[in-house]
Amino acid sequence: VSVDSSAEKDLQTFIQRVTAKNGLLKFYRTYITYCYQTKQRLDTFHTAQNLYQEHVMFPDDITGSRLHFDISDGFQLLFNWNISVSDEGKVRCSLGLQSKPPRNASDQEYAVIASMQELLHKMERLYGPSKTLLDILAVFKL
């Protein structure tokens with residue numbers, strides 16, 4: 001399993017704490033959860049790539065945490081799916097979104113773009129990062 005550079009420090013800190021406390025069961029539970037979340041992200045990125053091949057790019061590579069979605073006329077979305085591990089061994093996923101509106105975007109389009117981050121967080125809490133990402137991509141490719 002490859003580890004995100006952003007999560008590597010979190011995992012190292014957690015491993016040091018587990019080693020000091022001899023909490024191997026906790027370590028393995030956390031590691032399995034981290035691996036599951038990483039696989040879910042990779043599977044979701046593969047699905048997005050298969051569905052929207054001409055619109056999806058990966059700034060790092062497909063095993064990274066970022067997905068770039070080119071909609072049209074310069075309108076772009078950049079999703080960042082982070083996986084982190086707390087000192088207590090809690091694995092957390094968070095989906096971030098940056099957008100680049102087209103040069104000739106209307107005020108209404110800017111308003112929609114501005115509200116997308118809040119909508120993303122609400123959907124993520126309800127449906128999880130995988131379904132949220134794929135649903136948002138589907139909306140823009142109707």
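**Notes on the sheet, its helices and the core**

1. Strands here are DSSP E runs of at least two residues, helices H or I runs of at least four, all numbered from the N terminus. β2 and β3 pair in the antiparallel sense over six bridges, where pairing needs at least two DSSP bridges between two strands.

2. Before going on, some ground rules. This is a predicted model, so local features need pLDDT of at least 70 and side-chain atom pairs pLDDT 80 or more, while totals for chains, interfaces and linings use all residues. Residues are numbered from 1 along each chain as its sequence is written, and side-chain values use heavy atoms, with hydrogens and water left out.

3. The whole sheet is open, with four strands in the order β1-β2-β3-β4 and antiparallel pairing. β1 (56-57) and β4 are the edge strands, each pairing on one side only.

4. Now the helices. α2 lies across β1, β2, β3 and β4, running at about 165° to β3. Also packed on the sheet is α3, which touches β2, β3 and β4 and makes about 125° with the direction of β4. Contact means heavy atoms within 4.5 Å; angles run from 0 to 180 degrees between N-to-C directions, with axes fitted to C-alpha atoms, for helices over the stretch in contact.

5. Buried is under 20% relative accessible area, exposed over 50%, and partly exposed in between (1.4 Å probe, protein chains only).

6. F79 is worth a click: leaving aside neighbours within four places in sequence, its contacts include L67, F69, L97, L120 and L137. I83, also in β3 (residues 75-85), is buried at 1% relative accessible area.

7. On aromatics, the whole structure holds five pairs, counted when Phe, Tyr or Trp (six-membered) ring centres lie within 6.5 Å; planes under 30 degrees apart are stacked, over 60 edge-to-face, the rest tilted. F45 and F58 have ring centres 5.5 Å apart and planes at 40°, so that pair is tilted. F45 lies in helix α2 and F58 in the loop between β1 and β2, so the pair ties together parts 13 residues apart in sequence. Y52 and F69 are edge-to-face, with centres 5.7 Å apart and planes at 80°.
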